[in-house]
Amino acid sequence: MQAPERHPLTITVNGREHTLELEAWVTLLDLLRERLGLTGTKKGCDQGQCGACTVLVDGRRINSCLTLAVMQDGRSITTIEGLADGDRLHPLQQAFVEHDAFQCGYCTPGQICSAVGLINEGQARCSAEVRELMSGNICRCGAYPQILRAVSQVAGIAPDSENAEHAVVTGTVPA
């Protein structure tokens, strides 16, 4: 039996260049997690529906489970591990902490990478647009109000008051 054909790939992941040879069917998600040991990017649905695998490719957000690694040759990939500057958190990471924008934390890396991409895109001008443009990232714990506040704060979007009577107070469990 002949070994499967492997294809050369050179990518930069979190500022570090990697030259590899991969089978054509390896997804970017599997390359990051299984071959480069960057397990911050999560495998959720493996079908592009939950957003847990969101990373940045040349600054744009993508679902890494839906793209083949060989398609990213020559590109720059940023994962959750590449956002902080040493011990200094990225502003979105810090805002997620300040706003208690995670519960189990499984979706958090994808949420944060998606939010970085959303801010880079510059299309969100209000909370409703943030909600719409982040709708591809599912939080099964329901931390959406806190996520919205964290993303809006970093994007410089004023919080809306449409749900003021149902405001979530950080550190409490709404009844």
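**A close look at the packing**

Modeller: Cys-126 has a relative accessible area of 33% and therefore counts as partly exposed, where buried means under 20% relative accessible area, exposed over 50% and partly exposed in between, with a 1.4 Å probe and protein chains only. This is a predicted model, in which local features need pLDDT of at least 70 and side-chain atom pairs count only at pLDDT 80 or more, while totals for chains, interfaces and linings use all residues. Residues are numbered from 1 along each chain as its sequence is written, and side-chain values use heavy atoms, with hydrogens and water left out.

Turning to the inside, the largest nonpolar core has 23 residues, a nonpolar core being a set of buried Ala, Val, Leu, Ile, Met, Phe, Trp, Tyr and Cys residues joined through side-chain atoms within 4.5 Å. Leu-92, Phe-96, Val-130, Ile-147 and Val-151 are the residues with the most contacts inside this core. Two or more of its residues come from each of α2 (91–98), α3 (108–121) and α5 (144–155), where helices (H or I, at least four residues) and strands (E, at least two) are DSSP runs numbered from the N terminus. Among the contributors, α3 gives the most, with 5 residues. If we set aside neighbours within four places in sequence, Ile-147 is in contact (heavy atoms within 4.5 Å) with Phe-96, Ala-101, Gln-111, Met-134 and Cys-139.

Apart from this core lies another, of 13 residues, which include Ile-11, Val-13, Leu-28 and Ile-77. Leu-28 also belongs to helix α1 (residues 28–35), whose buried residues are Leu-28, Leu-29, Asp-30, Leu-31 and Leu-32. The cover over these buried residues of α1 includes β1 (6–13), β2, β3 (54–57), β4 (60–63) and β5 (76–78). After α1 comes Gly-37, with a positive phi near 70°.

Strand β2 (residues 16–23) is the place of His-18, which counts as buried because its relative accessibility is 13%. Not counting residues up to four places away in sequence, His-18 touches Leu-9, Thr-10, Ile-11, Val-13 and Leu-36.

Finally, we return to the cysteines. A disulfide is a pair of cysteine sulfur atoms within 2.5 Å, and by this rule the count comes to 0 disulfides. Cys-45 is in no disulfide, and the nearest cysteine sulfur, that of Cys-50, is 3.8 Å away. Cys-45 has a relative accessible area of 25%, so this residue is partly exposed.
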